[in-house]
Amino acid sequence: MKRRSGPSLLAIFGACLIPVMIAWAEYGDVILNNNSEAEGVAPVIFPHWFHRIRFQCSVCHVELGIKMEAGTTDIGMQDLIDGRYCGACHDGQTAWPIDNCDLCHSGKPGLETGVKGGHKTTGPGIY
Amino acid sequence: MLSAALLATASVGLAAGKWKPLKKDGIHDPSNPAINVLQEPADALGVLQVDTAGNMVDWARSLEYRFIEPRGSIDGDYQPEVLDTTVLMRNTMPMRYVRFPHRTHTQWMSCETCHDSIFVAEVDANPISMGKILQGEYCGICHGAVAFPLTECDRCHNTDSSTVGHEKPAPARDEGS
């Protein structure tokens, strides 16, 4: 009996490991590279998970007018300097100011605009 | 006993492997000096309520139990009104009906976030389908991207059709029928 219980326990253990292997974090990181690399800077990685801890959805998606589909809002550095979009908070008062280029422009070269993460169902438009 | 130990080992492995460090997440440039300044996902997410899918955080519970208290406006003076109604969607083919909780969603966002740019604020007026959701429309704008993924069928398809009309909670709360 003991011999037979061994493999079944192993199977249970294996089943427990499956989620470990496939359930990599779905960060909801948003990559913005419509203009960045074309203008000589690294793509922007916006950590959505970081911001939603601090602000409700409607702060950015209603109050600041950032559309929910990644990359569909035309955001330029001049907008930020003028206090629009990210610049509404990243002004040195609510959050660090926008002269910390590397904190946002932190992506690898060649990334495409979109929502990223490790989970296999990550992001809209999986087909 | 042994299986308990194995399960414990598995859960430790699960906790350790949930969030990749920024340097290894495949999108951040490890040579960027700022990478040491940015908050690691495990530091921020590891203290929140645990989920079994998506980014392994139960965001709704984390909010409900006040693990997080996100501001409702930039200056923090405004909190969107919480709407405590549900919408029952019956056109679900062989799947269970969908009972959409306004409450869970309005705790996160104001009405304008969804209405009317994504959903017309009228029952049965939105031609929602799983095909469209899977392509990132309607619910799929958030679910599968920043909210729990579309593998979790039962969380939305949560209502047995035979129970509808025989419920203890007042059906008057339902906007749909």
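In what order do the three strands of the open sheet in chain A stand? I found the order β2-β1-β3 with antiparallel pairing, where strands are DSSP runs of E of at least two residues and helices are runs of H or I of at least four, both numbered from the N terminus, and where two strands pair if DSSP finds at least two bridges between them. Because β2 (44-47) and β3 (114-116) of chain A are at the edges with a single partner strand each, one side of each has no neighbour in the sheet.

Before going on, I noted that this is a predicted model, in which local features need pLDDT of at least 70 and side-chain atom pairs count only at pLDDT 80 or more, while totals for chains, interfaces and linings use all residues. Residues are numbered from 1 along each chain as its sequence is written, and chains are lettered from A and ligands numbered from 1 in the order in which they are written.

I then followed β1 (residues 29-32) of chain A, which pairs with β3(A) over three bridges in the antiparallel sense, with A:Gly114 as the bridge partner of A:Ile31.

B:Phe100 of β2(B) stands opposite B:Val87, and B:Tyr97 has B:Thr159 in β3(B) as its bridge partner.

Last, I checked B:Ser129, in the loop between α5 (111-114) and α6 (130-134) of chain B.
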